Amino acid sequence: MGNKLGKYTHTHLRANILYSFASIVALSLLNGCNEPTTFVPTATEQFVYDNRDFYQQPDQVLQADYLIVPDFSYSMRTSKEGLEAALAEFATYLQQEDIDYHVGFARGTSQSRNGESVQQWTNLLPVSFLGGLLTATSGTSAQSLIAEKLSPLAAANAPNEVVILETTKRVIEAQASSFLRQGAQLVYVFISDSDDNSQTLINSNRTTSYYTNALRAQKSHPDYINARAFVTDGSNSCPLLGSANYGFKAGNRLASVASSLDATNDSFRCLHDEDTLADSLKDLANDVSKPISRFAVQANADPGSIEVRVAGSKVNPGPNTWVFKANTNEVVFKPSYADTLIGKSIEITFDMVMKLERSPNLDSMVVTLNGAVVPQSGGSGWSVDTNTLELKFHGGWQPTHGDIILVSYEVN
């Protein structure tokens, strides 16, 4: 009996507890129906009004990273001496002009496949420079380094498959992080008495567009790239340093890629003798001395508000001065006007575009400018374009450079 009574008493007590808990829950639900509570998300955003960019144009831009990719095949043997002399003269010119240079060489030819698959053979192509870099601070003379790098050219067992474009792509992609400098021009130089054959040896997708895109991707903008193709046009009036004995094979693919990469439209050079090559390489060194013509606007700018001052004087936009490129957010000076910028300051001011990240409940918005509360007013205060979520200031509340804007609001 005692056991049964104990069991009954315990069960009854648990039922009472459950009943009481259910009553509390029901009461809470009833009270909740009478007074519903809604969670309203809020957001806080801060803007630093940065509406001015200042640049000092150097007297000259004298920094360049050259990747020179010669054809090392046996047919180049009559060109070797002249090519070596021209490149040595080029190095002397770089030193005389005080250009801060990096020069890397890569072997643009390979042995024919010897039983390897295409993939295996491609993997054997170089991904590093031929020897060390030639730099402005090299302890060894530039002339001796060039002679060392060209020593394998036109050897008796020289490789004969011309893959200059594939080699250039592989080497620059592998070496970019240590070779390229942000402020330097990147200069590709192709040298051959034949043409690139990557599309036949590797894959038909190795089109000139394929290589152009890959090589162009190494810099943030095409203006920072130059290229030259020192090749023949396939006629007896344009031999490569006197190698007419091996026929006149047009370097069309090499010339096409160089032309696509180079904005100066001066990328193809027909070669006659070493003096021509040396002069052409000197011209290439001069190209990196041109003034910078593109200036990035560091914040989102209202295009119609942009003002440019050169050495303190306002310069209006126009076909002979500058334009604003909205797609890259840059002020771009026309080449003829850019020449006048050497040694001068460039100041770009604008109205900074400030966009909220979320859609606000306008009635809940509080906007402060350097701690002072700004009224909501299209005449003298702030407003928000509900379509673009752009925050705008009007009248005496227009912010200036360095002002801090704090916005808090309930999210719709």
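Strand 20 and strand 21 (residues 390-393) run antiparallel and are joined over four bridges; strands here are DSSP runs of E, at least two residues long, and helices are runs of H or I, at least four, both numbered from the N terminus. Two strands count as paired if DSSP finds at least two bridges between them. Trp382 has Phe393 of strand 21 as its bridge partner. The pair belongs to an open, antiparallel sheet of three strands, ordered 17-21-20. Strand 17 (354-355) and strand 20 (382-385) sit at the edges with a single partner strand each, so one side of each has no neighbour in the sheet.

All of this comes from a predicted model, in which local features need pLDDT of at least 70, side-chain atom pairs count only at pLDDT 80 or more, and totals for chains, interfaces and linings use all residues. Residues are numbered from 1 along each chain as its sequence is written, and side-chain values use heavy atoms, leaving out hydrogens and water.

Turning to helix 2 (residues 80-96), its 17 residues reach 24 Å from first C-alpha to last, close to the expected 24 Å (1.5 Å times one less than the number of residues). Its buried residues (under 20% relative accessible area, with a 1.4 Å probe and protein chains only) include Leu83, Phe90 and Tyr93. After the helix comes Asp98, with a positive phi near 60°.

As for the aromatics, Phe295, Phe333 and Tyr337 make up one cluster, where rings of Phe, Tyr and Trp (its six-membered ring) pair if their centres lie within 6.5 Å, and planes under 30 degrees apart count as stacked, over 60 as edge-to-face and the rest as tilted. That rule gives five aromatic pairs. The ring centres of Phe333 and Tyr337 are 5.8 Å apart with planes at 10°, so this pair is stacked. Phe333 counts as buried because its relative accessibility is 2%.

Technical notes:
Buried means under 20% relative accessible area, exposed over 50%, partly exposed in between (1.4 Å probe, protein chains only).
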